[in-house]
Amino acid sequence: MQDGWSTIQNQPVIAHSITSRKRNYFIAAESTGTEHKTAEFCQKLLEQQLLIIEDEFKGQVIGCVTDNCNSMRLLRKNLTKKHPDKYFYGCNSHLLNLIGRDLTTPKIRDRIVNVQCYFRNKHFASASLLQRKGGRPRIPCDTRWNSQLACFESYLKNQVKYLEVSRDPKCKMPEDIKATIRDNEIYSTVLRLCAKLKPVSIGLDKLQGDKSTLADAVKIWLNLESMLKDDLERIKFKERRDIGIPPFAVAAYMLHPLYRGGDLPLDLAEQGQEYLRGKNPLFLVGASNLKIANPDMYSPAYLDMDYCKSMDPSDWWMVLADSAKLPVGLSDLASKILRLPSSTAGLERNFSTLGNIMTKKRNRIGIEKSSKLCFVNQHFKKQNNPADTIMESESESESESESD
């Protein structure tokens, strides 16, 4: 994974992490100095990390996920040409966050935020709200996904208490704040917005987990398409969906032992089929037989839903690897593309750790030292968490790294 960040000193940083066995491991963060975040510069940094992973960690990089700015799209295009054996794609969490932003009417959002800021920042209003046992008003943040819905839900929960405070003679509340609180139409609009944002929020929560894969992202996009059918054009749904789930992601969905390509619209189904056909025409035959649960190719015991749920999808295919009924190479392809993470959320959590290291009180600490402390912090936690396996043990077993 590769993503950018700004330190407390407003210093631009590019960071990298890897996901292996659905656990994210921080590698390093480095200052960009006077360099701009161009596709060429980011590609240089990323390829340096590829060498480190393969030479020092003895890992095999399958793919890379980045954010979705124009320079990163160009980077992915360039790397796809240079490394045709690897997969390069955009962060689905970021794309869903943009969907949520575009579902919201900016004027309504601004008015609600003004009310929330007033009750957070004005002493009398804040104390009055606390006295009435109201919840702390939430403010949306561009870098914190799902915070917009949290803001609206916080407003709805507190709105009655806001009204009570506005009627207090001691409260010198601005007229525009009063007008927003007392406007029933705004309240109804926020209710409707929350209903639309809720499925996006649920999807975001799922995508931000370390165990979320590209196949899971396809399922989430399909669910949202049916729930947001009245807004698809306005929120650029198809354009963003296609960025997040390229043809190899659709193929992963088709080869997922639980999803099996179910409910795919015609355009996506054709993309996935074309991808598999391009790899090997027999792979498409294998996917088609999985969809219909053909017992001549797949043992019914392996297709049992409880059994499929109990296993990681990539491991499921590895169990089938020696089956004489499968096309040669299909299980290897499936196990690879079913490991690809859906987003850069794992790296974003590393940024949170860096933020806890580079604080206002420690504002002289540099990015090089902070990066080392973040590395030690994360691996120390994994050493002391019996559910986690540290990077070194995975390197010794020469496990594959799914994403750089």
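## Two residues with positive phi

K58 lies in the loop between α1 (39-55) and β4 (61-66). Helices and strands here are DSSP runs numbered from the N terminus, a helix (H or I) having at least four residues and a strand (E) at least two. Although K58 is not a glycine, its phi is positive, at about 55°. With a relative accessibility of 48%, K58 counts as partly exposed. In this description, buried means under 20% relative accessible area, exposed means over 50%, and partly exposed is what lies in between, computed with a 1.4 Å probe on protein chains only.

A293 also has a positive phi of about 55° without being a glycine. The loop that holds A293 runs between α13 (281-291) and α14 (300-303). A293 counts as partly exposed, at 30% relative accessibility.

## Basis of the model

This is a predicted model, in which local features need pLDDT of at least 70 and side-chain atom pairs count only at pLDDT 80 or more, while totals for chains, interfaces and linings use all residues. Residues are numbered from 1 along each chain as its sequence is written, and side-chain values use heavy atoms, with hydrogens and water left out.

## Helix α3 and its two partners

Two packed helices are described by the angle between their axes and the distance between the axes. The axes are lines fitted to C-alpha atoms, for helices over the stretch in contact, and the angles run from 0 to 180 degrees between N-to-C directions. Helix α3 (residues 92-103) and helix α8 (residues 184-207) have axes that come within 10 Å and cross at roughly 170°. This makes α3 roughly antiparallel to α8; angles over 145 degrees count as roughly antiparallel, under 35 as roughly parallel, 65 to 115 as roughly perpendicular and the rest as oblique. On the α3 side, N92, S93, L96, N97, I99, G100 and L103 meet L193, K196, L197, V200, G203, L204 and L207 of α8, where contact means heavy atoms within 4.5 Å. The residues of this contact of α3 with α8 are eight nonpolar, five polar and one charged. Ala, Val, Leu, Ile, Met, Phe, Trp, Tyr, Cys and Pro count as nonpolar, Asp, Glu, Lys and Arg as charged, and the others, Gly among them, as polar.

Helix α10 (residues 237-244) is another partner of α3, and the two axes come within 9 Å and cross at roughly 170°. The helices α3 and α10 are therefore roughly antiparallel to each other. N92, L95, L98, I99, R101 and D102 of α3 make this contact with F237, R240, I243 and G244 of α10. By class, the contact of α3 with α10 comprises five nonpolar, two polar and three charged residues.

## Helices α4 and α7

Helix α4 (residues 106-121) packs on helix α7 (residues 175-182) at an angle of about 115°, and their axes are 10 Å apart. That places α4 roughly perpendicular to α7. The contact joins R111, I112, N114, V115, Y118 and F119 of α4 to D176, I177, A179, T180 and I181 of α7. Seven of the residues in the contact of α4 with α7 are nonpolar, two are polar and two are charged.

## Nonpolar cores

A nonpolar core is a set of buried Ala, Val, Leu, Ile, Met, Phe, Trp, Tyr and Cys residues joined through side-chain atoms within 4.5 Å. The largest one has 97 residues, of which F119, L264, L276, Y298, W316 and W317 touch the most other members. L264 is in contact with V218, L222, V250, Y253, M254 and A269, leaving aside its neighbours within four places in sequence.

## Individual residues

F351 has its place in helix α18 (residues 345-357) and is buried, with a relative accessible area of 4%. Not counting residues up to four places away in sequence, F351 touches D3, G4, W5 and A15. F351 and K44 are 307 residues apart in sequence, and their C-alpha atoms are 21 Å apart in space.

Q43 lies in helix α1 and is buried, at 13% relative accessible area. The residues that Q43 touches, not counting those up to four places away in sequence, are L75, N78, L79 and K82. R144 is found in the loop between α5 (123-131) and α6 (147-166) and is exposed, with a relative accessible area of 58%. The C-alpha atoms of R144 and Y89 are separated by 21 Å, the two residues being 55 residues apart along the chain.
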